[in-house]
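Subject: Structure handover

Hi,

Here is the structure for you to look over. My notes follow below it.

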Amino acid sequence: MAKVLMKGNEAVGKAAIEAGCRYFFGYPITPQSEVPEYLSNELPKVGGTFVQAESEVAAINMVYGAAAAGARVLTSSSSPGLALKQEGIGYISNASLPAVIINMMRGGPGLGTIQPGQADYNQSVKGGSNGDYHNVVLAPASVQEAVDMIMEGFDIADIYRIPVIVLADGLIGQMMEPVEFNYVPREGLKEKTWALRGNRTGERNVCKNLVIDPDDCEAWNHDHFKTYVEVEANEQAWEEYLMDDAEYAFVSYGTASRVVRTAIGYLRAAGYKVGMLRPKTLWPFPQKGFDKFNDQIKKYLDVEMSMGQMVPDVAYACNDKNKVVFHGRTGGNVPSVDEIVEFGKEIMGGDK
């Protein structure tokens, strides 16, 4: 398929349609409002349903219903909107239902700013609802990756019966880049025999959240964690950028990693042996990538558009918190190439 120039928010909407999504429930909020705007025009053309709900809470519960019926369903929002959806996301997760959820992050806390941010890392990766649970969290660094991860996200959600969050930010939603749409379904997709579709065979499908007996609830949790172990084994993803001879490694994701990539070019030109490990999955965190390079890396330079929410995961992945140093911007600010270069030089000193 030929490449087309599209804004990120519109491209992820098209990607969802290409992947077979026919239901969207959401509510407008900057900087992702073009996602529902696009889908309000395009979903009806393919026989789909678009609903602008009366609130984020209503939207996520509509997602719950459609997912329980076996549909490929999408919702999108931005930071404070995702906060409102957390209870429903927890219900969807607990009921073992597949759904794709987009968060085009903005600065926080609270209503914050409308500029891009990455301070929703803990909310998505550590779980914003109650209980022991995980969502798969994918972190695109370009519009093309956002498109690919939306498509892949629907497959992951269906295979494991788990919510998938595509954690991008306002810049990726607002920028325009050339993209192509090439959805190839994964192997392992199965008929949704568990779905609530008015089964007349006499067998009763049940979708529930409330488990009263503590032993039953504990068993319920253990069943979920069997799935999570499988996801951790199969779905870790990362990029290795100039890592073969690297003695230092930046760790960054999303928009911040784009700035880091440019800064690495200047540092390499100055003789520094530095590369980047870029997580594409924030959960499961790409432990395997760190295991591959831990012995050769002196320091990991964590760069985020937050106050360092990913630092504990990097420290755990390299098994040495003293190897991790942090540089971040927050409140909607994006780090500059110059400040990342200076940060790198400060940490690497005379090592070239």
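This is a predicted model. I start with a strand pair: Asn 103 stands opposite Leu 167 in E7. Strands E5 and E7 run parallel and are joined by seven bridges.

E5 has another neighbour. Four bridges link it to E4, again in the parallel sense. Here Ser 76 has Ile 102 of E5 as its bridge partner. Together, E4, H4 and E5 form a right-handed β-α-β unit.

E5 is mostly covered, with seven of its seven residues buried. In a regular strand, side chains alternate between the two faces of the sheet. On one side of E5 sit Ala 99, Ile 101, Asn 103 and Met 105, and on the other Val 100, Ile 102 and Met 104, all buried.

Now the helix. H4 covers residues 79–94, 16 residues in total. From first C-alpha to last it reaches 22 Å, close to the 22 Å expected at 1.5 Å a residue. Still, H4 bends by about 50° at Lys 85. Lys 85 is also among the buried residues of H4, as are Leu 82, Ile 89 and Ile 92. Their cover includes helices H3, H5 and H8, plus strands E4, E5 and E7. Just after H4, Ser 96 has a positive phi of about 55°.

Last, the cysteines. Cys 21 counts as buried because its relative accessibility is 2%, under the 20% cut-off. Cys 318, at 6%, counts as buried too.

Best wishes

Key:
Residues are numbered from 1 along each chain as its sequence is written. This is a predicted model: local features need pLDDT of at least 70, side-chain atom pairs count only at pLDDT 80 or more; totals for chains, interfaces and linings use all residues. Side-chain values use heavy atoms; hydrogens and water are left out. Helices (H or I, at least four residues) and strands (E, at least two) are DSSP runs, numbered from the N terminus. The expected span of a helix is 1.5 Å times one less than its number of residues. The bend at a residue is the angle between axes fitted to the seven residues ending there and the seven starting there. Buried means under 20% relative accessible area, exposed over 50%, partly exposed in between (1.4 Å probe, protein chains only). Contact means heavy atoms within 4.5 Å. Two strands pair if DSSP finds at least two bridges between them. A crossover is right-handed if, with the strands pointing away from the viewer, the path from the first strand over the helix to the second runs clockwise.
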